[in-house]
Amino acid sequence: VRRAVFAHPKLVHVMEGRIELETASGSRELWAGSALLLGVGHWCSIRPLPSARLWTVYVDDSFFRAHMRWILSDIADVDTSVRVDTWDGSAVVLQLGQAILRRNERVWRQMSVACQQHPTGLAAARLISLFTQTVEVSLPTLLDHRIHESVGTRAEFPIRGALARPLYSPP
């Protein structure tokens with residue numbers, strides 16, 4: 001309920017109920033299916049109205065920005081509120097929908113125990129993999145559908161090249 005500031009970006013997902021969210025830019029109510037993205041050093045206060053169930057994910061800032069830059073590389077399709085290169089860390093509210101949050105919840109459960117189940121290096125790789133799964137499920141809500149549907153283009157693979165002929169072919 002009190003103002004909290006963290007050293008990592010946080011993603012708060014409202015699974016059930018509703019909350020009153022207060023940030024430096026004001027306050028608003030969020031319902032089940034909503035999510036909040038808040039950057040390093042920005043405060044928020046969350047109050048259940050009257051009760052709520054939340055999942056909060058904290059992620060390394062440089063990893064998050066690099067990951068989202070890679071995923072959202074075709075900037076024309078990205079909703080202007082989630083462009084990571086211009087994001088100053090202030091609150092961004094997303095309407096992901098309850099179905100997407102339910103799909104991601106099983107992955108968040110795995111993320112919450114990854115460090116207890118795996119050695120450090122393996123845990124880091126597992127967390128990156130799991131985080132990427134949640135982004136994949138959530139990605140359609142981050143696209144500006146007006147642009148995406150009107151252009152009708154497919155994303156290009158970001159690595160260019162062709163398979164080389166092997167220098168040595170076994171007999």
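Helices (H or I, at least four residues) and strands (E, at least two) are DSSP runs, numbered from the N terminus. The legends below describe a predicted model, in which local features need pLDDT of at least 70, side-chain atom pairs count only at pLDDT 80 or more, and totals for chains, interfaces and linings use all residues. Residues are numbered from 1 along each chain as its sequence is written, and side-chain values use heavy atoms, with hydrogens and water left out.

View 1. Lys10 is buried but takes part in no salt bridge. Here, buried denotes under 20% relative accessible area, exposed over 50%, and partly exposed in between (1.4 Å probe, protein chains only). A salt bridge requires a side-chain nitrogen of Lys or Arg within 4 Å of a carboxyl oxygen of Asp or Glu. The nearest side chain of opposite charge is that of Glu22, 13 Å away; Lys and Arg count as positive and Asp and Glu as negative, while His and the chain ends are not counted. Beyond neighbours within four places in sequence, the contacts of Lys10 (heavy atoms within 4.5 Å) are Leu36, Leu37, Leu38, Cys44, Thr56, Val57 and Tyr58.

**View 2. Cysteines Cys44 and Cys115.** Cys44 is buried at 3% relative accessible area, whereas Cys115 is exposed at 57%. The structure contains zero disulfides, a disulfide being a pair of cysteine sulfur atoms within 2.5 Å.

**View 3. The salt bridge between Glu22 and Arg3.** Seven salt bridges are found in the whole structure. In the one between Glu22 and Arg3, the N to O distance is 4.0 Å. Glu22 belongs to strand S2 and Arg3 to the segment before strand S1 (4-5), so the pair ties together parts that are 19 residues apart in sequence. Glu22 is partly exposed at 34% relative accessibility, and Arg3 is exposed at 58%.

**View 4. The salt bridge between Glu20 and Arg47.** The side chains meet at 2.5 Å, N to O. Because Glu20 lies in strand S2 and Arg47 in strand S5 (residues 43-58), this pair ties together parts 27 residues apart in sequence. Both partners are partly exposed, Glu20 at 26% and Arg47 at 39%.

**View 5. Glu105 and Arg53 joined by a salt bridge.** The closest N and O atoms are 2.5 Å apart. The pair links distant parts of the chain, with Glu105 in helix H2 (residues 98-117) and Arg53 in strand S5, 52 residues apart. Salt bridges that share partners join Glu16, Arg53, Glu105 and Arg109 into one network. Glu105 is buried at 10% relative accessible area, and Arg53 is partly exposed at 29%.
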